[in-house]
Amino acid sequence: MTAPGWGVHDDAGPPADPLELARAWLPDDADPDRPRVTLSTVGTDGYPDARTVLLSAFDQTGFAFHTSATSRKVAELAAVPRATLTVLWPDWTRQLVVRGDVVPDGPEQSSAAWAARSAYLRQLAWHNTDELAGLDLAGRLRRWGAGTPEGQADSWVGYRVQPRELTFWAAHPEAASRRVQYTRTPDGWTWRYRAG
Ligand SMILES: Cc1cc2nc3c(=O)[nH]c(=O)nc-3n(C[C@H](O)[C@H](O)[C@H](O)COP(=O)(O)O)c2cc1C
């Protein structure tokens, strides 16, 4: 969808299925340049927590990201399996916010995401421990230079945000920004326009 309205400003209205619109907005899963998204979780202290992750893939079953099993976000998701993903387009013309329940990603999808990561990110996944982070620079360089074992890091895990609400925000060069907010219902989706 390359029309200026992005499906948000068009008088024809947005598609009934928000995932169709998401598919039009987001790059193909095979594109190695993955979107950087803000992943918000509920902190174990009750405060919202957030950080940037790569959006590995998405389909009708949800929006997938991958991370380290020892990370704080994983502990938070074990306690409260709910999250929000915020995608901001680099030219600031669009934003997509996805809120939903979080489930573990399937092993095949996680392996595919591992294979698609760059060599640098695969090495990072092997080295991503607080113990290493606490070493001095010489120690960190030595450990990094020692390389990594073959195959998928033991700590590599994936999750999928199953959307219950998706909000598409689009700027307009000559009018107010506006949003289309989809909410899941037992039969599918409803949507309404919201102020930008
Ligand atoms: C551009 C960018 C992309 C990132 N991608 C990921 C990612 O895909 N997975 C991941 O676990 N961490 C990624 N990180 C690091 C996270 O932001 C975060 O520091 C790390 O996952 C630990 O988060 P936590 O302690 O809240 O669990 C990325 C950071 C940046 C700046």
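Guide: β2 (48-54), β4 (62-68) and α4 (119-127) each give at least two residues to the lining of the largest pocket. Helices (H or I, at least four residues) and strands (E, at least two) are DSSP runs, numbered from the N terminus. This is a predicted model, in which local features need pLDDT of at least 70 and side-chain atom pairs count only at pLDDT 80 or more, while totals for chains, interfaces and linings use all residues. Residues are numbered from 1 along each chain as its sequence is written, and side-chain values use heavy atoms, with hydrogens and water left out.

Visitor: Which residues lie nearest the centre of the largest pocket?

Guide: A pocket is an open set of points on a 1 Å grid over the protein atoms alone, where a 1.4 Å probe fits, with protein on both sides within 12 Å along at least five of seven lines; lining residues have an atom within 4 Å of a point. The lining of the largest pocket has 18 residues. Nearest its centre are His-66, Thr-67, Ser-68, Lys-73 and Asn-128.

Visitor: Which element supplies the largest share of the lining of the second largest pocket?

Guide: The second largest pocket is lined by 21 residues. Two or more of these come from each of β4 and α3 (107-116). The largest share, four residues, is supplied by α3.

Visitor: What percentage of the residues in the chain is buried?

Guide: The chain has 196 residues. With buried meaning under 20% relative accessible area (1.4 Å probe, protein chains only), the share is 39%.

Note on methods: Buried < 20%, exposed > 50% of the residue type's maximum accessible area, 1.4 Å probe, protein only.
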